[in-house]
Amino acid sequence: TIDLVGLGLSLGYVQAHRARTREQLQEVLTEKGKGPVLIEVLIRPGNRHDLGRPTTTPIENKRAFMHYVAEAKK
C-alpha cells in the first residue's frame with residue numbers, strides 16, 4: 001500500500017518507475033537519463049520449485065562483495 005515511486009520522487013530521486021512486466025522493466029532499464037533512479041519491480045509471490053539453496057554464508061557473501069568492489073575500483 002506504499003507508493004514507492006512517489007516516495008522515491010519525494011526523497012530526491014530524479015526518476016522513479018514501476019515495472020509490472022518484463023517488457024516494462026526492459027524499457028526502464030534502457031532509458032537514458034539522469035539519476036539517481038528508483039525502479040520498483042512488482043513480482044508474483046512464491047518461488048520456483050527447483051530453486052536451490054545458498055551454499056555460502058552471509059559473511060562469505062559480504063567478503064566476496066567487498067572483494068568485488070575493491071577489484072572494480074582498480
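1. Helices here are DSSP runs of H or I with at least four residues, strands are DSSP runs of E with at least two, and both are numbered from the N terminus. With these terms, Y13 is placed in the loop between α1 and β1. The structure under review is a predicted model.

2. The first matter is confidence. The mean pLDDT of the chain is 93, and 100% of its residues reach 70 or more. Confidence in the chain is highest in helix α1 (residues 4-10), at a mean of 97, and lowest in helix α3 (residues 58-73), at 94.

3. How many salt bridges does the structure hold? There are three of them. One joins D3 to R18, with the closest N and O atoms 3.1 Å apart. D3 lies in the segment before α1 and R18 in strand β1, so this pair ties together parts that are 15 residues apart in sequence. D3 is partly exposed because its relative accessible area is 45%, a value that falls between the limits of 20% and 50%.

4. R18 also counts as partly exposed, at 31% relative accessibility. A salt bridge brings its side chain together with that of E40, at 2.8 Å from N to O. Because R18 is in strand β1 and E40 is in strand β2 (residues 37-41), the pair ties together parts that are 22 residues apart in sequence. Is E40 buried or exposed? E40 is buried, since its relative accessible area is 13% and buried means under 20%.

5. With a relative accessible area of 18%, H17 is buried, as the value is under 20%. Which side chain does H17 meet in a polar contact of 3.0 Å? The partner is the side chain of Q15. When residues up to four places away in sequence are not counted, H17 touches V5, V28, E31, V37, L38, I39 and E40. E40, named in that list, is also the partner of R18 in a salt bridge.

6. The next point concerns the surface. I2, L4, L7, L9, L11 and Y13 make a nonpolar surface patch of about 560 Å². Among these residues, L4 lies in helix α1. L4 counts as partly exposed because its relative accessibility is 36%. Y13 is partly exposed as well, with a relative accessible area of 32%. Both residues therefore pass the requirement for patch members, which is over 30% relative accessible area.

7. What does Y13 contact once its neighbours within four places in sequence are left aside? The answer is G8, P36, V37 and L38. V37 and L38 are also among the residues that H17 touches. Between Y13 and K34, the C-alpha to C-alpha distance is 9.6 Å, while the two are 21 residues apart in sequence.

Conventions
Residues are numbered from 1 along each chain as its sequence is written. This is a predicted model: local features need pLDDT of at least 70, side-chain atom pairs count only at pLDDT 80 or more; totals for chains, interfaces and linings use all residues. Side-chain values use heavy atoms; hydrogens and water are left out. pLDDT is the predictor's confidence in each residue, from 0 to 100. Buried means under 20% relative accessible area, exposed over 50%, partly exposed in between (1.4 Å probe, protein chains only). A polar contact is a pair of N or O atoms within 3.5 Å; within protein, one must be able to donate a hydrogen and the other to accept it, and residues adjacent in sequence count only if both atoms are side-chain atoms. Contact means heavy atoms within 4.5 Å. A salt bridge is a side-chain nitrogen of Lys or Arg within 4 Å of a carboxyl oxygen of Asp or Glu. Patches are made of residues with over 30% relative accessible area and no salt bridge: like charges are joined within 9 Å, nonpolar side chains (Val, Leu, Ile, Met, Phe, Trp, Tyr) within 5 Å. Accessible areas come from the Shrake-Rupley method with a 1.4 Å probe; for residues, only the protein chains shown count as cover.
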